[in-house]
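Trainee: I've got the model open, and I'd like to know where the labels come from. Can we go through them together?

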Amino acid sequence: MKNILSQDGKQEILTRLDKLTEDSPRKWGTMKVNEMLAHMNDAIKISLGMKPAVDKSTFFSRHVTFVAGVYILPFWPKGEATAPELNQRAEGTKARDFYTELEFTKKMLDIFEEREESKFHPHPMFGQLTKKQWADLLYKHFQHHLRQFGV
């Protein structure tokens with residue numbers, strides 16, 4: 001399975017990110033493209049412990065929802081609620097201009113790749129994850145939002 005640590009998975013994400021423009025229209029949802037990038041940056045920051053998040057995971061969310069969402073379903077459902085820490089209209093980081101967010105996203109992918117296995121923090125809905133699980137989750141998350149903006 002591709003993820004953001006695999007060479008082809010990371011390159012695919014970078015290539016698709018480069019196809020975004022500041023005017024890329026969304027196909028669903030309410031986020032603008034710079035807000036989507038800030039949302040993705042928040043997800044990576046949470047994994048690295050750079051943004052606090054409360055672990056509200058349950059047995060079901062850790063063992064059923066995570067496995068189904070990341071490894072079984074071909075796509076994430078549109079319009080699913082997200083953790084407040086990842087919601088740009090709640091506790092998410094306020095989006096900067098498109099180009100700043102885009103370059104920051106690319107840098108965050110590099111930082112994620114270099115982070116030691118023992119330094120990863122829990123996901124607010126899925127709890128403690130390994131680096132590989134985080135990489136798989138983030139790849140699927142990128143897939144979802146890049147599709148949202150048609151790239």
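Mentor: Axes here are lines fitted to C-alpha atoms, for helices over the stretch in contact, and angles run from 0 to 180 degrees between N-to-C directions. This is a predicted model, where local features need pLDDT of at least 70 and side-chain atom pairs count only at 80 or more, while totals for chains, interfaces and linings use all residues. Residues are numbered from 1 along each chain, and side-chain values use heavy atoms, without hydrogens and water.

Trainee: What makes H3 oblique to H5?

Mentor: H3 and H5 pack at about 60°, their axes 9 Å apart. Under 35 degrees is roughly parallel, over 145 roughly antiparallel, 65 to 115 roughly perpendicular, and the rest oblique. So H3 is oblique to H5.

Trainee: Which residues of H3 and H5 make the contact?

Mentor: Contact means heavy atoms within 4.5 Å. On H3 they are Phe66, Gly69, Val70 and Tyr71, and on H5 they are Lys132, Gln133, Asp136, Leu137 and Lys140.

Trainee: Which residues in H3 are buried?

Mentor: Ser61, Phe66, Gly69 and Val70 are buried, meaning under 20% relative accessible area with a 1.4 Å probe, counting protein chains only (exposed is over 50%, partly exposed in between). Helix H5 (131-148) is part of what covers them.

Trainee: Where is the kink in H3 centred?

Mentor: On Thr65, with a kink of about 30° in a helix spanning residues 59-72. The bend is the angle between axes fitted to the seven residues ending there and the seven starting there.

Technical notes: Helix = DSSP H or I, 4+ residues; strand = E, 2+ residues; numbered from the N terminus.
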